[in-house]
Each structure stands twice: as C-alpha cells, then as structure tokens.
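Me: I want to learn how to read local features in a model. Please take me through them one at a time.

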Amino acid sequence: MPLAKDLLHPSPEEEKRKHKKKHLPQGPNSYFMDAKCPGCFKIITVVSQAQTVVLCVGCSMVLCQPTGGKARLTEGCSFRRKQH
C-alpha cells in the first residue's frame, strides 16, 4: 500500500509552513535584508524579525517597526533580501 505523500521529498510550500526545527535541513526563518530609505535613499541592513524600531542613519526616518514575528516595513520603504 503506497503512502499518500512523499516524506523524503516534500513540496517547497509544505516546507515553508513548517516550524524551523521541523524543516528537513534545520535552519532559521529570519534573514538579513537591505532596506532603502524613501527619503534620502540610503541603504541600511535590517534583520527580517527586528525587535526594535529601525531608524535611518541619514534622516532619522522610521524604516521598520516590530510586530509579533516579522518586522513591518514603513510605506514607501523598499527592500532586497540578502544572499548568504
């Protein structure tokens, strides 16, 4: 009797929904990203799950605010996920 789903090769969507310790190769859910300030266009490195308010170095504008999990970027702030 075959299994209903393949346990050795799960789909990427299924892996994304799992807890970080339940992924096949264990790893964190957070990542670093470059956030660009909409006021002065400076680029600041931010953690995706920042626990404090991140301010721009140049113009002191709020770039992201903490939530329960992932940090929320302010309106107009663009970001790029950093590769490791």
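**Burial, strands and rings**

Reply: E15 counts as buried because its relative accessibility is 13%; buried means under 20% relative accessible area, exposed over 50%, partly exposed in between (1.4 Å probe, protein chains only). The model is predicted: local features need pLDDT of at least 70, side-chain atom pairs count only at pLDDT 80 or more, and totals for chains, interfaces and linings use all residues. Residues are numbered from 1 along each chain as its sequence is written, and side-chain values use heavy atoms, leaving out hydrogens and water.

Me: Which residues does E15 touch, not counting those up to four places away in sequence?

Reply: Contact means heavy atoms within 4.5 Å. E15 touches P10, H23 and L24 on that count. E15 sits in helix α1, residues 12-17 (helices are DSSP runs of H or I, at least four residues; strands are runs of E, at least two; both are numbered from the N terminus).

Me: How many bridges join strand β1 to β2?

Reply: Strands pair if DSSP finds at least two bridges between them. Here β1 (residues 32-36) and β2 run antiparallel, joined by five bridges. M33 has V46 as its bridge partner in β2. Six residues separate the strands in this hairpin, and F41 in the turn has a positive phi of about 60°.

Me: Which side chains of β2 are buried?

Reply: In β2 (residues 43-47), I44 and V46 point to one face and are buried.

Me: What lies over the face of Y31?

Reply: A charge sits over a ring if NZ of Lys or CZ of Arg is within 6 Å of the ring centre and within 35 degrees of the ring normal. R81 lies over Y31, 4.1 Å from the ring centre.
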